[in-house]
Amino acid sequence: MAAPIASAAVAALERVDAIGLGYLSLDRETSTLSDGEGRRLKTMRHLGSSLTGMTYIFDEPSVGLHPRDVGRLGDLLPRLRDKGNTVLVVEHAPDVIAQRGGARRLGRRPRPGRRPGRRPGASRGPRGTCSRPGAAPRSISGGPQPDNEGFPRAGRRCMMANWCPIHEGRRVPPRRYGVPLVPSQKALVRRPSPRLAEGLVTHIEREKVDVDLAVEQWEEYTEALLAHGWETIEVDRADDCPDSVFVEDAVVVYKNVALITRPGAPSRRDETAGVEEAVARLGCSVNWIWEPGTLEGGDVLKIGDTVYVGRGGRTNAAGIQQLRAVFEPLGARVVAVPVSKVLHLKSAVTALPDGTVVGHIPKTDAPSLFPRFLPVPEESGAHVVLLGGGKLLMAASASKTAELLADLGHEPVLVDISEFEKLEGCVTCLSVRLRELYA
C-alpha cells in the first residue's frame, strides 16, 4: 500500500534534484526560500501534475537557474507536453529554445522610439495582421522556425525595465537568485569611424580633425587600458556614425544591468545596436530608454550607489525618470544635476577613487551638489578614469591637474587624445568600464 506513495515521493524528489534544488533539506521552511527557489518549486509542481489536456504557460522558467541546470529544464518540459498537454514557454535561454517542438519569435524589440511592442511582421491592411503575421513579405516571426536563425545570440537577455520578478509588489534584485556579482575589469571600446571629422560639436568651435592621428591615439588609449589589467572588448564598428567612437554614450551599466540609451542627438541613435549586442553577450540584463526619454551615458556619473545624472541638452527629464525606474530598485540613489555649460555631466566632473568629485569651476553648474568637491586648474583635468590601484587615466592636456593629483598620492597615466577633444570628447567617453558582472 505504501509503495505507490513512496514511488511518487521519490519521483518528486528526483524532479527537484533535476532542477538544481537537490541541496534543499526536507525541514527547510518555505519562508526561507529565495524567490528563484520558490519559482522553481512551483515549476516542479506543474511538471509533476497528473492532469492532461491542459495548457501551461511558463514565463522564463530558466530565471535563477545555474547554466548547468538550464539543459535539465529543457529535458523536463517535453515530458509535460508528452503527457497530452499544450506547453507554451516564453524564454530567451538558447538551451531551452533548442528543445522546442515549434518556436515562434514574438515581439522582437524594435529600435527605441519606433513603435515599441509591435510584433515584427504585423502591419495594417490585409497582409501581415496580428492574426496572419506570416503574410508580411519580410516577417521574421510568421511561422515555426526550424533552426536558430533569427533568434538572439547565445547569452542575450531581452528584458524590459521590470526585468526581475515581482514579489509582493516589489522587484527582486538579481543577488537574491544566488548568482553573485563579482569585480571585473572589462572595457567596451569602439574603433573610430572614417567619418569621425563630421562629429557633432555643441559648446566649442569646430576644428579640423586628423582622422589618421585619431586612430593612432585611440590605439594608444586601448593599449593603456590593457597595460593596466583591463580586458578590452571591441564593439562592432558603426562607420556610418561619426560619433560612434564615444561608446560610453550608448549605455549605462549598474550592477550587471545595462540600460541602452536613447541619445538626445537623433543622428547618434543608430550607435546603440552594436553596444546592446556586446553587453548582452556578456550576460547583462538589458533595458532601454524609450521615447520621449533621451539619455546619453556621458551624463551619468556613478559614485558607489549614488548615480548623478546630468540634465542638459542631451538628457531630458523623461530619460532621468526612466533611469531612476530601472536602477533605484537595485539600490541606487539617483541625483539629477543641471548641466548647461558643457556637453555632458562628465564633461564637467568625474570622481577620484575615494569619491571626491573633481571639476573645473568655470564649467560646473552646481558644485555644491557634491559632498566633496576638488577644483582643478584645467577643463580636461576634470576627466579621470579609475584604472585601479590609485592609477588615473587622464588626458595629456591636463598636465597641471596631473601634478596636483600626483601630489595627493594618485598616479596619473597620461594619454594624448587631442583629436577627440576637438569633438568635445574626453578619456571617459572612449570606453565603458564594466566593474561588476555575474560570476
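**View 1. Salt bridge between Glu 328 and Arg 324 in the predicted model.** In this predicted model, the side chains of Glu 328 and Arg 324 are joined by a salt bridge, with 3.3 Å from N to O. Glu 328 has a relative accessibility of 35% and therefore counts as partly exposed. Arg 324, with a relative accessible area of 27%, is likewise partly exposed.

**View 2. Salt bridge between Arg 237 and Asp 239.** The side chains of Arg 237 and Asp 239 come together in a salt bridge, at 3.2 Å from N to O. A relative accessible area of 46% makes Arg 237 partly exposed. Asp 239 is also classed as partly exposed, at 30% relative accessibility.

**View 3. Salt bridge between Glu 248 and Arg 433.** The closest N and O atoms of Glu 248 and Arg 433 lie 3.4 Å apart, and the two residues form a salt bridge. This pair connects distant parts of the chain, its members being 185 residues apart. Glu 248 belongs to the loop between β6 (231-234) and β7 (251-254), whereas Arg 433 is part of strand β19 (residues 432-438). Buried means under 20% relative accessible area; Glu 248, at 6% relative accessibility, therefore counts as buried. Arg 433 is buried as well, with a relative accessible area of 14%.

**View 4. Network of salt bridges.** Five residues, Asp 249, Arg 268, Glu 271, Glu 296 and Arg 314, are linked to one another in a network of salt bridges.

**View 5. The largest nonpolar core.** This core comprises 26 residues, and those with the most contacts inside it are Leu 196, Tyr 221, Leu 225, Leu 393 and Phe 420. At least two core residues come from each of β5 (181-189), α5 (211-227), β16 (385-388), β17 (391-395) and β18 (411-415). Helix α5 contributes the most, supplying six residues.

**View 6. Surroundings of Leu 393.** Leu 393 is among the residues with the most contacts inside the largest nonpolar core. With residues up to four places away in sequence left out, Leu 393 touches Tyr 221, Ala 224 and Leu 225, together with His 383, Val 384, Val 385 and Leu 387. Val 413, Val 415 and Val 427 are also in contact with Leu 393.

Definitions and conventions. Residues numbered from 1 in each chain as written. Predicted model: local features only at pLDDT ≥ 70, side-chain atom pairs only at ≥ 80, totals over all residues. Heavy atoms only, no water. Core = buried A, V, L, I, M, F, W, Y, C linked by side-chain atoms within 4.5 Å. Buried < 20%, exposed > 50% of the residue type's maximum accessible area, 1.4 Å probe, protein only. Helix = DSSP H or I, 4+ residues; strand = E, 2+ residues; numbered from the N terminus. Contact = heavy atoms within 4.5 Å. Salt bridge = Lys/Arg side-chain N within 4 Å of Asp/Glu carboxyl O.
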